[in-house]
Amino acid sequence: VQLVESGGGLVQAGGSLRLSCAASGRTFSDSAWAWFRRAPGKEREFAAVIRSGGSTDYADSVKGRFTISRDNVKNTVYLQMNSLKPEDTAVYYCAARPRTTDITKTDYNYWGQGTQVTVSS
């Protein structure tokens, strides 16, 4: 099983990026997907989650600016990031199949390798 993120890069404050995470090796249509991020010098933190039924939750820091979505046919999850701020600079990781009922915690079975997002001021 492999999760591969793409779409990261350098963007100016106020700009947008769309991250993708494609899974191979098994299907995750019955699983929650999540995006986490790790800023320099900080621990990995929750950003967004989408459940198998399509409901979503967001960290307060990204609510109203980020949108998570999924395409079960493509076995892919997306993170549309708008109105980016320098404090959004981090490595972004996708995750699938949580081990616990608290799907905002970093307890997932599968992780991508991460993609760097840098927002300049």
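**Before you start**

The model is predicted: local features need pLDDT of at least 70, side-chain atom pairs count only at pLDDT 80 or more, and totals for chains, interfaces and linings use all residues. Residues are numbered from 1 along each chain as its sequence is written, and side-chain values use heavy atoms, with hydrogens and water left out.

**Stop 1: the whole chain**

Show the cartoon. You will find 11 strands and zero helices. Strands are DSSP runs of E, at least two residues long; helices are runs of H or I, at least four; both are numbered from the N terminus.

Switch to the C-alpha trace. Along its principal axes it spans about 40 × 25 × 25 Å.

**Stop 2: surface and contacts**

Of the 121 residues, 44% count as buried, meaning under 20% relative accessible area (1.4 Å probe, protein chains only).

Now consider contacts, defined as heavy atoms within 4.5 Å. Among those with a separation of 6 or more, 57% come from residues 24 or more positions apart.

Colour by charge next. The 15 positive and 11 negative charges have mean positions 3 Å apart. Lys and Arg count as positive, Asp and Glu as negative; His and the chain ends are not counted. Each charge is placed at NZ of Lys, CZ of Arg, CG of Asp or CD of Glu.

**Stop 3: Ser31**

Select Ser31. It sits in the loop between β3 (17-24) and β4 (33-38). Ser31 counts as buried, at 2% relative accessibility. Show its contacts, leaving aside neighbours within four places in sequence: Ile50, Arg51, Ser52, Arg70, Ala96, Arg97 and Pro98.

**Stop 4: the disulfide**

Select Cys21 and Cys94. A disulfide joins them, S to S 1.9 Å; the cut-off is a pair of cysteine sulfur atoms within 2.5 Å. The pair links distant parts of the chain, 73 residues apart: Cys21 in strand β3 and Cys94 in strand β9 (residues 90-98). A search of the whole structure finds one disulfide.

Check the torsion about the S-S bond of Cys21 and Cys94: about 45°, so the disulfide is right-handed. Both Cys21 and Cys94 are buried.

Methods: Buried means under 20% relative accessible area, exposed over 50%, partly exposed in between (1.4 Å probe, protein chains only).
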